[in-house]
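Thank you for letting me take a few minutes at this meeting. Please have a look at the model first, and then I will go through it slowly.

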Amino acid sequence: MLYDYLVAAAKAAPKSGVTQAGKFTPYSEIAERAARIASGLIDRGIEKGTPIGILMVNGPDLLTMTYAVFAAGAIPVPLGAHAPR
């Protein structure tokens, strides 16, 4: 499961993460937030294999949401927030 790789990376390199616009977000924080979101998705009836559309701009929040969907066992479907209409 891809979420497990994120958790392993967070443990193996606790000072690693992503930086956007000068703000650093550690992988451990992304993993924690993703787990909470995944729990909420499951509580709302999202099942393994359910496709989930994600419409967000690139950044740590998109990464978090993608891993949350993976953690819930669902399939993230990225939708380009800046794609032409």
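In which part of the protein chain is confidence lowest, and in which is it highest? This is a predicted model, in which local features need pLDDT of at least 70 and side-chain atom pairs count only at pLDDT 80 or more, while totals for chains, interfaces and linings use all residues. Residues are numbered from 1 along each chain as its sequence is written, and side-chain values use heavy atoms, with hydrogens and water left out. Confidence here is pLDDT, the predictor's own score for each residue from 0 to 100, and it is lowest in strand S4 (residues 75-80), at a mean of 91, and highest in helix H2 (residues 27-43), at 97. Helices (H or I, at least four residues) and strands (E, at least two) are DSSP runs, numbered from the N terminus.

Let me turn to the salt bridges, where a side-chain nitrogen of Lys or Arg lies within 4 Å of a carboxyl oxygen of Asp or Glu. The structure holds two of them. In one, arginine 36 meets glutamate 32 at 2.9 Å, N to O, and both residues lie in helix H2, four residues apart, about one turn of the helix. In the other, aspartate 61 meets arginine 33 at 2.8 Å, N to O, and this pair links distant parts of the chain, with aspartate 61 in helix H3 and arginine 33 in helix H2, 28 residues apart.

Finally, threonine 64 also sits in helix H3 (residues 60-71). Threonine 64 counts as buried (under 20% relative accessible area, with exposed over 50%, partly exposed in between, 1.4 Å probe, protein chains only), because its relative accessibility is 0%.
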